[in-house]
Amino acid sequence: FVPKIKIKSLIDLGAHYGFFTMWLQSNQPDHKIDTLLVEPASRCKKALDTLVKDSETNVTFIKKCIDNPRLIKSEFYERPHMASSRVPIDNKEKAVKIPILQVEEITNWKSPPYDLLKCDIEGAEYTLINKYSFILQNTHYLIIEWHKESGDYDDLLVKICKLEFKLLKST
């Protein structure tokens, strides 16, 4: 799913432990990829802080989540088997409050355009498309993992086409 281009800038939403970022950089060793890692899970923070500190690449990490940027914090559910999600599995789960990523934090990290945005945000995809359209309109390629909790898939296709993306591959 990764485009066959020289990627100079990457926004990794739902970075987890940064494996995608490390893998992508290892596949393009001839240059440094400016990378913004966004991950709300507390258990990933130490690893991502270490990746930023020890990395020879240009990596920035922000511990925040995707939600309506007009709000300050969002409820998130931390889980041992995955990073986290805005969607509870059942009513026994206890939510934690996580700060919400602001569009300005992305544009302050690096001015657009962005080469690639990788999105694995466990149910907040629809919010990304609806509330962060400026970032998407200034991104060349989007890799997105879609969850049915996030919204209707056909509606996703309509919205990404309105943002001038073309569906190259789907599974």
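Guide: Accessible areas here come from the Shrake-Rupley method with a 1.4 Å probe, and for residues only the protein chains shown count as cover. The model is a predicted one, in which local features need pLDDT of at least 70 and side-chain atom pairs count only at pLDDT 80 or more, while totals for chains, interfaces and linings use all residues. Residues are numbered from 1 along each chain as its sequence is written, and side-chain values use heavy atoms, with hydrogens and water left out.

Visitor: What share of the accessible surface of the protein chain belongs to carbon and sulfur atoms?

Guide: The accessible surface of the protein chain comes to about 9,600 Å². The part of this surface that belongs to carbon and sulfur atoms is 52%.

Visitor: How many helices and strands are there in the protein chain?

Guide: Helices (H or I, at least four residues) and strands (E, at least two) are DSSP runs, numbered from the N terminus. From that end on, the elements follow the order β-α-β-α-β-β-β-β-α-β-α-α-β-α. Counted by kind, the protein chain has 6 helices and 8 strands.

Visitor: Which residues of H2 are buried, and where do they lie around its axis?

Guide: Helix H2 takes in residues 42-54, and Lys46, Lys53 and Asp54, on its other side, are exposed; here buried means under 20% relative accessible area, exposed over 50% and partly exposed in between (1.4 Å probe, protein chains only). The buried residues of H2 are Cys44, Leu48 and Leu51. Seen down the axis, they fall within an arc of 50° (taken from the directions from the helix axis to the C-beta atoms), so they line one face of the helix.

Visitor: Which elements are included in what covers the buried residues of H2?

Guide: Cover is judged by contact, meaning heavy atoms within 4.5 Å. Among the elements that cover the buried residues of H2 are helix H1 (19-27), strand S2 (34-38) and strand S3 (59-62).

Visitor: Which residues of H1 are buried, and what arc do they cover?

Guide: In H1, the buried residues are Phe20, Thr21, Leu24 and Gln25. They lie on the same side of H1, because the arc that they cover around the axis is only 130°.

Visitor: Are the rings of Phe20 and Trp23 stacked, edge-to-face or tilted?

Guide: Rings of Phe, Tyr and Trp (its six-membered ring) pair if their centres lie within 6.5 Å, and planes under 30 degrees apart count as stacked, over 60 as edge-to-face and the rest as tilted. Phe20 is buried, with a relative accessible area of 19%, whereas Trp23, at 44%, is partly exposed. Their ring centres are 5.9 Å apart and their planes stand at 40°, so the pair is tilted.

Notes: The expected span of a helix is 1.5 Å times one less than its number of residues.
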